[in-house]
Amino acid sequence: MDSVELERWITPYVGEDIDWRTTYVHVSEEEYERLPVLIVTVSPPNWGDPIFCIRKEIPPPPRGESDQAKDKDTIREAAIFVRSSGRTDRARATDIDRLGERLLRKHQTFDLTLTLQQGEVIPVLIPDDALEKVVNAQRESLVSRLPRAATHKSGTVEQTMQALASEIATGRKPDPRGRDGYLKEVELYREELRKALPQTLPEVAALAAPRVELRLHNRTHTHLKDVQVRLKMPEGVLTLVPMDPQDRDRRAPFPSGLPEAPRPYGPVKVNSFHFDPLRSSIVQSFMGGVPSAVPSRWDIEVEGTTVVFPAEDLRVALSEDMVAFVAVTEQPLSGTLTVPWTATATNMDGTAQGTVTLPIAPERSLFALIADADDTEDQGEDED
């Protein structure tokens with residue numbers, strides 16, 4: 001059937017405001033060749049559209065002479081239909097309510113602005129000389145506990161017997177590693193520590209790096225519900241949830257995830273428990289004591305390089321401060337970063353989008369951030 005004929009036949013019943021169009025495709029079916037199939041495409045409605053209803057009564061289709069058409073099969077003028085999963089039904093009261101809401105909510109631009117209140121992207125570098133200073137300081141601390149080599153020369157039989165008697169009397173035995181074995185453990189620990197320290201950057205930055213705070217403003221004339229903002233950070237920029245020093249576990253070592261130092265050299269008791277005092281203060285030359293771990297509860301989510309902020313309601317012409325975050329990079333950057341963002345709301349069609357400019361701070365050392373964390377904690381203790 002020609003599309004012009006279809007339109008002339010259907011329009012009187014559905015009206016002229018619905019946007020629909022037809023096309024034919026031909027498919028091959030067993031025992032048939034190029035079977036024509038009519039496809040009718042109806043454009044989705046928009047906010048502010050009226051409630052579309054049947055414009056003209058539709059009588060029931062003709063039936064056989066022995067089965068006359070029934071009045072209940074007639075589709076009356078002003079009847080309203082809704083489409084659900086695989087079905088088309090007459091509208092119920094709840095459907096009319098939803099259609100009325102669509103009618104009253106006129107289409108408007110989803111207009112939001114996102115601005116920077118404070119904060120910067122921090123390039124955090126790990127200078128080789130500073131890293132070696134920390135690693136060597138730990139080695140010296142461990143080696144300083146090692147007695148002079150002269151004390152380990154083989155003694156007389158009498159000295160051996162005296163050492164055995166002392167072991168029985170005190171319950172201690174000589175260090176089974178020996179001087180050379182202990183030094184090998186120290187060197188292995190130093191290499192593992194050198195590799196592990198750069199991996200502590202996220203934990204240290206979450207505690208000590210300045211926070212980035214953004215503000216979202218609603219420029220529409222609608223109370224927006226569940227507005228969710230997604231910030232697309234550049235590759236190489238790490239986004240973190242900040243941690244308050246007051247929330248730290250003072251009993252836990254900092255930074256976490258570092259290798260355990262060798263047990264100090266010396267006689268040991270049988271079945272003794274080894275406590276590692278070095279690991280709990282691995283950077284003594286830079287700090288006194290700092291928090292231990294990033295909190296387990298995350299107010300923002302990070303999907304690859306995209307920061308997803310928690311959904312918030314936003315009233316007309318008002319602003320909302322976004323959840324603060326920390327942004328660091330191991331790359332030597334300068335100037336500013338132009339970061340794109342998008343936002344959606346559950347009661348608004350479309351997506352708001354824009355960019356926000358984040359300044360880049362001067363480069364900092366990882367160990368300088370650790371020192372900052374120490375200063376922050378000392379100030380908190382002074383206030384207490």
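Let's start with a definition: a residue is called buried under 20% relative accessible area, exposed over 50%, and partly exposed in between, using a 1.4 Å probe and protein chains only.

Now, what are we looking at? This is a predicted model, where local features need pLDDT of at least 70 and side-chain atom pairs count only at pLDDT 80 or more, while totals for chains, interfaces and linings use all residues. Residues are numbered from 1 along each chain as its sequence is written, and side-chain values use heavy atoms, with hydrogens and water left out.

Two strands pair if DSSP finds at least two bridges between them.

Find strand 1, residues 20-29, and strand 2, residues 32-42. How many bridges join them? There are 9, and the two strands run antiparallel. As one example, W20 has V42 of strand 2 as its bridge partner. Together the two strands make a hairpin with 2 residues between them, and in that turn E31 has a positive phi of about 75°.

On the surface you can find a nonpolar patch made of M1, W9, Y24, L38, V40 and V42, with about 610 Å² of accessible area together. For the record, a patch takes residues with over 30% relative accessible area and no salt bridge; like charges are joined within 9 Å, and nonpolar side chains (Val, Leu, Ile, Met, Phe, Trp, Tyr) within 5 Å. The areas come from the Shrake-Rupley method with a 1.4 Å probe, and for residues only the protein chains shown count as cover. Strand 2 gives the patch its largest share, 3 residues. Another member, W9, sits in helix 1, residues 3-14. W9 counts as exposed, because its relative accessibility is 54%.

Between helix 1 and strand 1 there is a loop, and I18 is in it. At 24% relative accessibility, I18 is partly exposed. How far apart in space are I18 and P45? Their C-alpha atoms are 8.6 Å apart, although 27 residues separate them in sequence.

Next, helix 2, residues 93-104. Its 12 residues should span 16 Å at 1.5 Å a residue, and its end C-alpha atoms are 17 Å apart, which agrees. The expected span here is 1.5 Å times one less than the number of residues.

Which residues of helix 2 are buried? They are D95, L99 and R102. These three cover an arc of only 55° around the axis, so they lie on the same side of helix 2. That arc is taken from the directions from the helix axis to the C-beta atoms. The face turned away from the buried side carries the exposed residues A93, D97 and L104.

Helix 2 also holds E101, which is partly exposed at 40% relative accessibility.

Now for charges. Side chains of opposite charge can pair when their charged atoms come close. The rule for a salt bridge is a side-chain nitrogen of Lys or Arg within 4 Å of a carboxyl oxygen of Asp or Glu. By this rule the count is 14 salt bridges.

Let me show you a few. R76 pairs with E57, with the closest N and O atoms 3.2 Å apart. The pair links distant parts of the chain, 19 residues apart, and R76 and E57 are both in the loop between strand 2 and strand 3 (81-84). R76 is partly exposed at 37%, and E57 is partly exposed at 38%.

R177 forms a salt bridge with E185, at 2.8 Å between the closest N and O atoms, and E185 is partly exposed at 32%. In helix 5, residues 178-196, E191 and R194 are 3 residues apart, about one turn of the helix. Their closest N and O atoms are 2.6 Å apart. There is also a network of salt bridges linking R139, E140, E187 and R190.

Last stop: an open sheet of 4 strands in the order 10-16-6-19, with mixed pairing. Strand 10 (237-240) and strand 19 (364-365) stand at the edges, each with a single partner strand, so one side of each has no neighbour in the sheet. Strand 6, residues 122-125, runs parallel to strand 19, joined by 2 bridges. There, L125 stands opposite S365.
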